[in-house]
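This note sets out several points on the model shown here.

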Amino acid sequence: RMFHDDELEESEKFYVGQPRVLLLIYALYNTLVARSEMVCYFVIILNHMVSASMITLVLPILIFLWAMLSVPRPSKRFWMTAIVYTEVTIVIKYFFQFGFFPWNKYVDYTKDKPYHPPNIIGIEKKEGYVHYDLVQLLALFFHRSILKCHGLWDEDEKGDSSSNKEDTDDELSVTGGRRDSSASLKSVNLAASVESIHVHFPEQQTAIRRKSSSSVSQLSHRSSFSSHRSKRVFVFYHASYSVVKSHYGLCCFRTLQVYVPIRQFFYNLIHPDYSAVTDVYVLMFLADTVDFIIIVFGFWAFGKHSAAADITSSLSEDQVPEAFLVMVLIQFGTMVVDRALYLKKTVMGKVIFQVILVFGIHFWMFFILPGVTERKFSHNTVAQLWYFVKCVYFGLSAYQIRCGYPTRVLGNFLTKSYNYVNLFLFQGFRLVPFLTELRAVMDWVWTDTTLSLSSWICVEDIYAHIFILKCWRESEKRYPQPRGQKKKKVVKYGMGGMIIVLLICIVWFPLLFMSLIKSVAGITNKPLDVSITITLGGYQPIFTMSAQQSQLKDLNQTGFNAFLASYRGNTGALQFLEGYGKEDITLADLEGNSNSLWTISPPSREKMIQGLLDFSAEFTVVLSWSIQSSGLCNCIICLHIYPPVTTLEPCSQRPTALKSHNNNIKVYPYYIKAPSDSLAKPIKQLLTDCRWENITVSLVKNVSDEGVREWWVLNQLGKRYKTSEESLELFIFSDKVSPPSLGFLAGYGIMGLYASVVLVIGKFVREFFSGISHSIMFEELPNVDRILKLCTDIFLVRETGELELEEDLYAKLIFLYRSPETMIKWTREK
């Protein structure tokens, strides 16, 4: 009890006795303090996502190319740069809020223009222009206070003062010829005037030691040789005071003041003395995958005039949107390049790729995309989400660069453990089309090996198969089955029952899908236009009329109930009406007077009269209707032959409109079914004794000073809603249609789904059940540890460059699979 302290013990007891909510708050605060730099990064990125201007673009780029690449943490110089830059940004934004600037007089007109200069720069006048900047400044000061509390704020200054005579960030190395000796351009007073700048060449080689950015760091210092190698950045054959004093020399010197520290920073990053090797490629791949999913389901946010587009509807129409294609190819290309860099383990390539990607993504997202979409980045939610996930990727990439790539890449990341989670995830990974094949080919291309592509794929397939067997063997060890004991009902009904239900669902999927797609998720397909045309014989139509908008009426609940009550006792009618609701029935009210004059020629008129007077001949009355709904035109022409009508000659003739005597024709259907995928048909179940309704046909003749005009008038006799005017009623029963997202699948029909889905799946299921006997030798392996170790050894010797040994081990693996006796010996239980 040498280090026992009563106060600390009492404090611990007091802390443990606090409520859970308070303990959670303490834990969250401690997490916030421990990751205060991440809070600053998040606020800076959030500020840029909301502002999306050049003035806020600087700090995110500095985060990914400076702060996150600093070892082991960002220096005081970065945090001072961020704080000062934020303060200057606030002052600049405040200054340009005054109304005397010309662009502030038309704010409402220019606020949504992406290429308006003040909007691009970030000095536009708007409400809450400085809120996020103040939060950003508050986060930076909070992190500054945390560093001061831990004594890390002035650490860099102490390091500089202690090693000022040995090393500075602005040293210029001097070498001559091919000598390994180096000399530093010392004692350059950057704060002095041009005249006081002097150059000093030390005669003796000194061992330069890399500054440690943390006094508590356990990282080793740079050796003398690597120090001189990293400091040999420029060669000066002639250095004189007069050259530096000249204007050209001054420009070069100022350029070197900026260039040399940047080059030295990246050089030290690529050639470190130490390497805390890590592997975050999986997380980077997941971030890229999330971005890929965002592109697929939100591709309209990256194109012009496509805000209402749907990827499923576009692909179903055999159209590939350009924005979708470009984004997918770019995203996929970056994933392939990232995989190549990971396999080659080249930090320099990763640094170059990081710089290009950071500048390229920011330039495209904030300067090109607003012009393509014609809306500001801050108004594009999908693009903001894509950029935020990409920032997560940038952070992971910076962490990978800072720590260095792993020296060994062995197998799939999902094969590190042998449990059900890894097993199912690995099998799901292998089910993704072309992903396994693409990964295997890329690994073969960018990995040093002596194996051919077919041999490489063979090893990968054996390893995947052995890993799956290893997972099953481990599960059998965790949940052993006693010998001679029957299988438990939980296992039989759990696994077997699930397979039975799955197979039944596959077999009856088309019927269930086509039945439920319209009844459960169907959309009412209201008619937009209803047209009627009547023709006598083969002559010019005598009647044409259309019903639109207000003439198409919906039934209310009272009218629908009355409609059902009128068919009480009619089994066929009630069975038909079960599939429709009041929203599916539309009443079309058509005007009785034809909307076109009857302009038949006198010879045709005379011939038609003769045909009507011929009692031995049949005369055809043609009634056709057209129902247009949701862009679909459903029409049918019905032909009905009746005994000839005695006369259809109009009465003679007064200046006003006169009607002839009425002639009844039993030809009107009254009830029409409008399916979504076929022609409209009359509903015979709703007709009385399956007989169609009667209509009266009259010819009206009008004689006036303008001449003689004739038209036909129709009137329905048995109307439900009786009116005194001549009119026609038509009930349209509209079938529900599938939603647009599933319309392409419903379009195949029942037989199409059986042919394209059920039979294909059935083929794979049959191969699984009928091909088991051929794989017994490779499936029933009691112990696969030695084979798994052999595959791992092949991966290991390949990574270490022992390519001859790789060939030997591969030959041993092939021989093992060719020799059943050897396989039995290798897979026996220990």
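1. β5 and β6 pair in the antiparallel sense, over 3 bridges; strands count as paired if DSSP finds at least two bridges between them. Within this pair, K553 stands opposite L587 in β6.

2. The model is predicted, with local features requiring pLDDT of at least 70 and side-chain atom pairs counting only at pLDDT 80 or more, while totals for chains, interfaces and linings use all residues. Residues are numbered from 1 along each chain as its sequence is written, and side-chain values use heavy atoms, leaving out hydrogens and water.

3. The chain holds 31 helices and 15 strands, taken as DSSP runs numbered from the N terminus (helices: H or I, at least four residues; strands: E, at least two). Of its 830 residues, 40% are buried, that is, under 20% relative accessible area with a 1.4 Å probe, protein chains only. Among contacts (heavy atoms within 4.5 Å) between residues at least 6 apart in sequence, 72% join residues at least 24 apart.

4. β5 and β6 belong to an open sheet of 5 strands, in the order β5-β6-β15-β11-β12 and with mixed pairing. β5 (552-554) and β12 (681-682) are the edge strands, each having a single partner strand, so one side of each lacks a neighbour in the sheet.

5. A hairpin is formed by β13 and β14, with 2 residues between them. Strand β13 (residues 693-704) and strand β14 (residues 707-716) pair in the antiparallel sense over 10 bridges; V697 has L714 in β14 as its bridge partner. Because 9 of the 12 residues of β13 are buried, this strand is largely enclosed by the rest of the structure.

6. Helix α19 (residues 435-445) and helix α20 (residues 453-478) have axes that come within 10 Å and cross at roughly 125 degrees. The axes are lines fitted to C-alpha atoms over the stretch in contact, with angles from 0 to 180 degrees between N-to-C directions. The two helices are therefore oblique to each other, the class left after under 35 degrees (roughly parallel), over 145 (roughly antiparallel) and 65 to 115 (roughly perpendicular).

7. On the α19 side of this contact are R439, A440, V441, D443 and W444, which meet L453, W456, I457 and E460 in α20. The contact residues divide into 6 nonpolar, no polar and 3 charged, with Ala, Val, Leu, Ile, Met, Phe, Trp, Tyr, Cys and Pro counted as nonpolar, Asp, Glu, Lys and Arg as charged, and the others, Gly among them, as polar.

Technical notes. Buried < 20%, exposed > 50% of the residue type's maximum accessible area, 1.4 Å probe, protein only.
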